[in-house]
Amino acid sequence: MKTVAPINVWQVEPPISEEAVAYELMPPPAPLPMPQQSLRAGKLQNPPMPSAPPNMVARRVYIFGGTAAITLVALYQMFRVMATDGLGVLEVVFLALFTLLFAWVALSFVSALAGFVLIVTRRRRRLGLRPEDPLPTPSVRTALLMPTYNEEPQRLMAGLQAIYESVRDTGRLAQFDFFILSDTTRGAIRMEEVIEFHRLRERLGGATNLYYRHRADNVERKAGNIAEWVRRFGAAYPQMLILDADSLMTGDTIVRLAWGMEQHPDVGLIQSLPLIVNGSTLFARMQQFAGRVYGPVVAHGVAWWHGTESNYWGHNAVIRTKAFADHAGLPKLGGIRPFRGHVLSHDFVEAALIRRGGWACHMTPALGGSFEEGPPSLTDLLVRDRRWCQGNIQHIAVLPARGLHWISRTHFMIGIGHYFTAPMWAMMLLIGIAIPLEQAGALVSLQALEHFSPMSYWRSLDPERIVYVFLATMFALFAPKVMGYLAALADPQVRRGCGGALRMVVSILVESVLAALMAPIVMYVQSRGVAEVLAGRDSGWDAQRRDDGSMPWSTLVRRYGGLSLFGALMGAAAYLVSPALLAWMSPVIIGLVCSIPIVALTSSRGAGRLLRRLHLLSIPEETVPPPILVRAARLRQRIEAEAEAAAAASTPGA
């Protein structure tokens, strides 16, 4: 790709010239080989790692031993309940599903418990990185890479300018170069990108360390975008920090991450914990509140037992360029759909291959200063989740890869399991109805349906024990939320930022009720998504909506009308069998029948603004926004206003 001299594209009236459309501004090439890795051959490199936390064997014995012990106790109790009437095929299948799902909940519980202890005892330091320490000065150059795909250019440049200025304010700007790596396919957006890039350089006084490249062939999507940069320019930069189009990171955090990588020669990747911010709809505010209150106990817990085998989430992380180039070249998968083709959820695989190559991968949840934006509606979440579903199920083909660390394989299994839990919950619910039907003889005689009640059947087996099993399941399920609340209470800044102790309780109740109402919708859509992926149907790749999650009622009816009708028919059928069966299934039926108003309400900015005025679902980053969030918001407003004014001035007759 040809590199041409800088031109003042921002002064050119639309439509811009063909020369500008083909323009890129990049530094001199510094090629770095990045060979494709083999999944059929390879050996785990396991050299001594000075950055490894102590007592890792004991930590993992606690996590997996604790999960197994709790699950076995629950399985024994449920077995005692079901053995009362004897074990048939349905009972055995039910117990198998119960065991897998309870183990899933138990793993989250024991991990969150570890994170809670770390937070309340303030033992959170990782790799010597603490935000309260004096700011160090890195001595090597780091490239900040911001891949983009059909994103709004004004928003993109506003965020990047805020990051650039924040790094500049640290006095360490000379150690960083900034790259916009465009995979944009829409011509109008592409032209806007070029114009806004030059406007950004102009606003930053020339910014000779700010570069732009457009890739005409976006093969392998984001993974290919990063790999192309590594192969062309990677040799000039010992480290690279990967951003997303919606990422914001403070200069302080960027400098500390770069310094932390430099100070630990055995480390290949350091993942920060991005907090979800800027939510305006009710759904987005739910997500950011849950991430801010519950997220830290979960993140500190997993970082504690992941150790040097932490995962990678694809952004807001610093990576050693040579480790990435030598070991993270992704192969093209063979086999049948949905497994063949380019690796979709590339970040998990890249982290596993970097660790296979003998490099440590760490997570630093306590560092702070790392932000991202969440989807504005359940619909947008489910669209994104469908892509992740396909990518994670594709990891079934990666699991047998030679030489992977067993914790890396665990990451893959957890990601795969996340999407199979939805159909498993649905199956267990149906079998939980079929067992009492079979025992009552209702599968043979319709007369037995007259007084049919699943609740009465299950309680009749062992009234006390079944209640204990239910309460234990609910405790393990909701304990991470309680621990997150208690951890937030222990931090005065977080407590005040979330509205205080009482408002936090109300916020948790609001979030939990809405999440419960949306759970049947998510269960249905994820189950359908798994079936579609296994049938070979591709999810596609498109830009995400960032702010407005609203939809016309006609669109909502088209998307969720069938689901509402399905829920209504299910409810009618349950009622015809017996009112008690309808009561048993009501949590699922209500969510399905009301899917249209639930999605409409949670996608509403008005509902989000109302709760903000009431200081509900609040987070500290909203109550007292960090300077980088304030700066990015103001820049975005100004840049969008200037773009609208320029477009109006260029319109004939304006």
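This is a predicted model: local features need pLDDT of at least 70, side-chain atom pairs count only at pLDDT 80 or more; totals for chains, interfaces and linings use all residues.
Let me start with overall dimensions. Along the principal axes, the C-alpha atoms fill a box of roughly 85 × 70 × 55 Å.

On secondary structure, the count is 23 helices and ten strands. Of the 654 residues, 56% count as buried. As for contacts, if we take those with a separation of 6 or more, 84% are between residues 24 or more positions apart.

Now the surface. The accessible area of the protein is about 28000 Å², and carbon and sulfur atoms hold 63% of that.

Which of its residues are buried? They are Pro454, Tyr457, Trp458 and Leu461. Looking down the axis of α14, these buried residues fall within an arc of 90°, so they line one face of the helix. What covers them? The cover for the buried residues of α14 includes α2 (56–82) and α3 (89–120), and also α13 (406–439), α15 (463–489) and α19 (579–593). If you have the structure open, that is the set of helices to display around Tyr457 and Trp458, two of the buried residues of α14.

Last topic, backbone angles. Most residues other than glycine have a negative phi. Two residues here deserve a look on that account.

Take Asn55 to begin with. Asn55 is not a glycine, yet has a positive phi of about 60°. Where does Asn55 sit? In the loop between α1 (18–21) and α2. Is Asn55 buried or exposed? Its relative accessibility is 57%, and the cut-off for exposed is over 50%, so Asn55 counts as exposed.

Then Arg221. Its phi is near 55°, again a positive value in a residue other than glycine. Arg221 belongs to a helix, α6, which covers residues 221–233. With a relative accessible area of 24%, Arg221 is partly exposed; the cut-off for buried is under 20%.

To recap the two: Asn55 is in a loop and Arg221 is in helix α6, and each has a positive phi. That is what I have.

Conventions:
Residues are numbered from 1 along each chain as its sequence is written. Side-chain values use heavy atoms; hydrogens and water are left out. Buried means under 20% relative accessible area, exposed over 50%, partly exposed in between (1.4 Å probe, protein chains only). Helices (H or I, at least four residues) and strands (E, at least two) are DSSP runs, numbered from the N terminus. The arc is that of the directions from the helix axis to the C-beta atoms. Contact means heavy atoms within 4.5 Å. Accessible areas come from the Shrake-Rupley method with a 1.4 Å probe; for residues, only the protein chains shown count as cover.
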